[in-house]
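Please open the structure in a viewer and keep the selection tool at hand. The stops below are given in the order in which they may be selected.

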Amino acid sequence: MTYLVTGATGGLGGYALEYLKKLVPVSDIIALARNEEKAASLRGQGITVRIGDYGDTDSLKEAFKGVDRLLFISGAPGNRQAEHTNVVNEAKEAGVSFIAYTSFANASNVDNMLSTDHQFTEQLIERSGIAHTFLRNNWYLENETTLLKMALDSGELDYSAGDATVGWALKREYAEAAARVLSGQQETPDILELSGEPHTYGELAQALSKASGKEISARDLDAEGFTEALKGHGLPEEAAQGILGIQQLIKAGDLELTSGDFESTLGHPLRSLEDGLKEVLSL
Ligand SMILES: NC(=O)c1ccc[n+]([C@@H]2O[C@H](COP(=O)([O-])OP(=O)(O)OC[C@H]3O[C@@H](n4cnc5c(N)ncnc54)[C@H](OP(=O)(O)O)[C@@H]3O)[C@@H](O)[C@H]2O)c1
């Protein structure tokens, strides 16, 4: 059995390979990378590296030769639908028997700037007829690093998401679940909603207070107040607008989900929000 992990030189892919090495023989693992140099340390661990780009079908054709099970890590927004089409087509052509795809929470029921590409890709995979599990990843706790660091500086966690909840978990926890699914050692359904326990930003502020030992209050701002606050901390307009866009999809409830899928896939509990914050912020 061969297992190929795409996005192998990225955060999630790197962690997934670390977990996968504990589950299957390293000689059965293949990493797909765009950049030879970035992948050098993977080769050093005995992992076979193949060079390929989602935008280059010839490279994918070579990379997927002899691959049984694929962990397909979604690419960056932009040209994602065309790139993902290449990945699924070439996986089908190569006879890949299983795809685990990193999707978006509740992907078939929400409609926002991030979910569209994931909905599209889920449908592609379904139409390909390849057995699959959609890893509907909720939200990395690491995504909040900018807001959290600002809060540690000012004593106030600024946000604009109202009382909406988010299913935060650590990137390495999503990766561990992905590696377990890829290994095929347990049967997995077509869809896994990988969401941590739902928490509001107010609760995130409380957890940050406990994790840091500093008094942190939470301040729910309107769109303008929020971007002004971010800019006041030195963020450029474009970055502030980007973070606002995410806050708005969260406020709409697009990351609100309660599911036991995550812990049942891992076979152990997720870290608490407080411990996760300690890890992310090295507190
Ligand atoms: N659920 C969430 O909270 C959340 C947050 C952010 C992103 N995401 C999604 O989850 C994915 C993985 O997250 P991450 O933190 O591991 O991101 P990351 O560190 O940016 O890694 C993305 C990986 O995908 C590779 N990649 C991008 N475009 C590619 C292409 N055209 N062809 C081949 N490889 C390509 C990158 O290659 P290089 O190493 O060469 O750049 C990198 O290895 C992201 O790409 C994004 O789709 C989810």
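**First stop: Ser-282**

Select Ser-282, which counts as exposed because it has 5 C-beta neighbours inside 10 Å. The model is a predicted one, in which local features need pLDDT of at least 70 and side-chain atom pairs count only at pLDDT 80 or more, while totals for chains, interfaces and linings use all residues. Residues are numbered from 1 along each chain as its sequence is written.

Ser-282 is found in the segment after H12. Its phi is positive, near 50°, although the residue is other than glycine.

**Helix H12**

Step back to helix H12, residues 273-281. Helices (H or I, at least four residues) and strands (E, at least two) are DSSP runs numbered from the N terminus. Which residues of H12 are buried? They are Leu-273, Gly-276 and Leu-277. These cover an arc of only 100° around the axis, which puts them on the same side of H12; the arc is that of the directions from the helix axis to the C-beta atoms. To see what covers them, display strand E9 (168-169) and helix H8 (201-212), which are included in that cover.

**Helix H1**

Next, select helix H1, residues 11-23. At 1.5 Å a residue its 13 residues should span 18 Å, and the end C-alpha atoms are 19 Å apart, which agrees. The expected span is 1.5 Å times one less than the number of residues. Colour Leu-12, Gly-13, Ala-16, Leu-17 and Leu-20, which are buried in H1. Viewed down the axis, the buried residues fall within an arc of 130°, so they line one face of the helix. Their cover includes strands E1 (3-5), E2 (29-33), E4 (69-72) and E5 (98-104), together with helices H2 (40-44) and H7 (171-183).

**Asn-106 and Ser-115**

Move to the loop between E5 and H5, where Asn-106 is found. Asn-106 is not a glycine, yet it has a positive phi of about 55°. It counts as buried because it has 20 C-beta neighbours inside 10 Å.

Ser-115 lies in helix H5 and counts as buried, with 21 C-beta neighbours inside 10 Å. Beyond its neighbours within four places in sequence, Ser-115 is in contact with Phe-104, Ala-107 and Val-110; contact requires C-beta atoms, placed from the backbone, within 7 Å.

**Two helix pairs**

Display H4 (residues 80-94) with H5 (residues 115-128): they pack at an angle of about 20°, their axes 10 Å apart. Axes are lines fitted to C-alpha atoms, for helices over the stretch in contact, and angles run from 0 to 180 degrees between N-to-C directions. H4 and H5 are therefore roughly parallel to each other. Among the residues that meet are Val-88 and Lys-92 in H4, and Leu-124 and Ser-128 in H5.

Finally, select H9 (residues 223-232) and H10 (residues 237-251), which pack at about 135° with axes 9 Å apart. H9 and H10 are therefore oblique to each other. Angles under 35 degrees count as roughly parallel, over 145 as roughly antiparallel, 65 to 115 as roughly perpendicular and the rest as oblique. The residues that meet include Phe-226 and Leu-230 in H9, and Ile-243 and Leu-244 in H10.

Definitions and conventions: A residue is buried if 20 or more other C-beta atoms lie within 10 Å of its own, exposed if 12 or fewer, and partly exposed in between; C-beta atoms are placed from the backbone. Two residues are in contact if their C-beta atoms, placed from the backbone, lie within 7 Å.
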